[in-house]
Amino acid sequence: MPEIKVQNGNMAAATGAALCRPDVIAAYPITPQTPVVEYLTQFKADGEIESTMSEVESELSAMSVVTGASLAGSRTFTATASQGLALMYEPYFRASTLRLPIVMAVVNREMISPQTLWGGPQDALCVRDAGWIQIYVEDNQEILDTIILAFRLAEDKGVLLPVNVCYDGFYLSHMSERVEVPDQASVDAFLPHYVPEHIKLDPVRPMSVDPLTNGYLLTEYRLRHTQGHQRALKLIDELDAEFANQFGRSYGGLVEEYCNTDSDAVLVTMGSMTGVAREAVDLARARGRKIGLLKLRAVRPFPGARVVKAIAGRKAFGVVDRSVSFGWGTGITFREIRSAMYGEGSNIPAVPMIGGLGGEDVTIEHMMLAIDCIYQAVESGLSNETVWLNKEIDIM
Amino acid sequence: MKEIRLHGIGGMGTVKAGEILVHETVKEGKYGNSMPFFGFERQGAPVTSFVRLDDKPIRPKNKVYQPDCVIVLDPSLLVSANVFEGLNDNSIFVVNSRIENLEAIKISDRVARIAYVDATDIAMELLNRAIPNTIMLGAFARATGWAERKSLEEVIVKFFGEKNREAFRRGYDEVKVIELGEGQL
Amino acid sequence: MKYISDYIVPIGPEGLYIIDTGKWRTRRPEMDIMKCKKCGTCFLYCPVHAVKRHEDKSYTIDYTYCKGCGICANECRFDSIEMIPEEGDSDA
């Protein structure tokens, strides 16, 4: 029977990971991820999990250890945030190109400089083209559920790619709320034992690992890697349905649409700010605006088809990003969405918006302003310059 | 949905108090979320906790800006922190304080009900430590009625031990609740 | 667009210290000049440079940023610094 508990995001992540019975866990603490490591270590000390806990001296080591463990055929889990993710970049890239089904929780935190601790997906978004699957979640229940889904997704024979489960630092990691924790038997039924076939370091059957490779073969590997992502595109939606069937909870798969069927404009968000966006959509609708909400979950593989379906035929769309794509002067997911709309929706006015950086809260006022900006674009029929939400509200 | 803001000082159990409220409401089959806000984690730093309670799932994950209730765990915060900021009209103000501290400051006119108890005093007497949070939870339960008294008491005992049952009850029984009408205190 | 900082990066000679560590104090260090041997240990250890060195090699405490951590009192070998409650503290 599932148990109703009160958990913060880090506990939900640790609980989700524990339920998946990882063989090896290696993680290095960093605010706001530290409690994940502490909770998992406590579970092990209390005999609640059988995973081998490997104590490492840095994130570079953490990723290297789970890489080695995964190569030896283990199911592995790790977690990190911002500077830690940056420190492990070298083995991080290799983990995906070696097609290792590692699951890593990223407790999204702004990158330094300036010195900062607070939540934001800049850290993981900046490495979105290192080959990992990346899914961004909205609340603690989704953290726990998505970690279970992540292992199933990663270990699928047609995918075999590592998965980042990303959640906002402090807003989710340190926030306590109601979480339904599935029982071990149900999770075991959903997530069978990991049996690696493509790689397994075994003295009985020795393998070469990663010899110097020419361009011809490298291209072949890259092509197959992209096929893994293509398979994930379908599987993420399929698994969401299967999960909903077994556990009663659905997240929409690659994206989730809210009040979007009859909308004339779309607001796009990602992560914990989606909660307040839903409130704003309800408020705007009560005032007569037919705004719809699109919540982006998967950033890699990018759900182009589903994004187009959600936005095509509307009179404008706006994206609130908690990140910056420096060379473009817009947020990062805005660029992704805009690219997807090329073709079928390339003439739909687009409003890039940036808010909530460095721990600045995204409030209902910001979201209402975002909706106003979208309707300005509906009226003018033109795309906007980037709206920096926090600066607009301050000036007002 | 009820929105609550707790003001405390690091080491007083402000964050825990917020979480206890969520534990209680979830135990009753409802929903809640609690988020701490601190700039620098250390003893003696001001700590704010944001709590939401509702019968249905709670969507906003950000800070609380218009609390329906404010709980202040230390009288020094009446002066040093912006405890009245953003208060909703007809809000409830629950404070660890003696009457003298309250008379010395101006209470916002958006406060409809004020509840005060000398929680530090009770804490020193019962627990030998100046940690007023369990007493303040008792005061909160009485002043607002937003938590089931028995349920909250059991959650407190589960987290803090039997010693705190008395603390909770003292807070509940000894808090003075005053409806503010035309005049102030 | 209105910019609220003169700096383009968080590096600069002044105006960057937005964290008022002086407000953190609940105790303050009081130095007894008679006992102070001017060894400079407190000056070396203070994490916020609240101990100032003067031309005549004496040391005093500048309370602007002193956060009351007590490291100076702890490190002083001659017991010349004592931590006393900050005035205006609550009765808690």
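Two strands count as paired if DSSP finds at least two bridges between them, and strands here are DSSP runs of E with at least two residues, helices runs of H or I with at least four, both numbered from the N terminus. The model is predicted: local features need pLDDT of at least 70, side-chain atom pairs count only at pLDDT 80 or more, and totals for chains, interfaces and linings use all residues. Residues are numbered from 1 along each chain as its sequence is written, with chains lettered from A and ligands numbered from 1 in the order in which they are written.

**Exercise 1. Work out how chain A meets chain B.**

Step 1: Count the contacts, taking C-beta atoms placed from the backbone and lying within 7 Å. You get 18 residues of chain A against 16 of chain B.

Step 2: Find the elements on the chain A side. β1 (3-8), β8 (176-181) and α10 (274-286) each give two or more residues, and α10(A) has the largest share, with four.

Step 3: Look at the strands. β8(A) runs antiparallel to β2 (residues 31-37) of chain B, and two bridges join them. Pick Glu177(A) and you'll find Asn33(B) as its bridge partner.

**Exercise 2. Locate the largest nonpolar core.**

Step 1: Apply the rule: buried Ala, Val, Leu, Ile, Met, Phe, Trp, Tyr and Cys residues joined through C-beta atoms within 7 Å. The largest set has 179 residues, and Ile147(A), Val165(A), Ile374(A) and Val94(B) have the most contacts inside it.

Step 2: See who contributes. Helix α7 (residues 140-155) of chain A gives the largest share, nine residues.

Step 3: Domain 1 (3-247) and domain 2 (255-395) of chain A, with bounds from an automatic or database assignment, both supply residues, so the core lies between them.

Notes
A residue is buried if 20 or more other C-beta atoms lie within 10 Å of its own, exposed if 12 or fewer, and partly exposed in between; C-beta atoms are placed from the backbone. Two residues are in contact if their C-beta atoms, placed from the backbone, lie within 7 Å.
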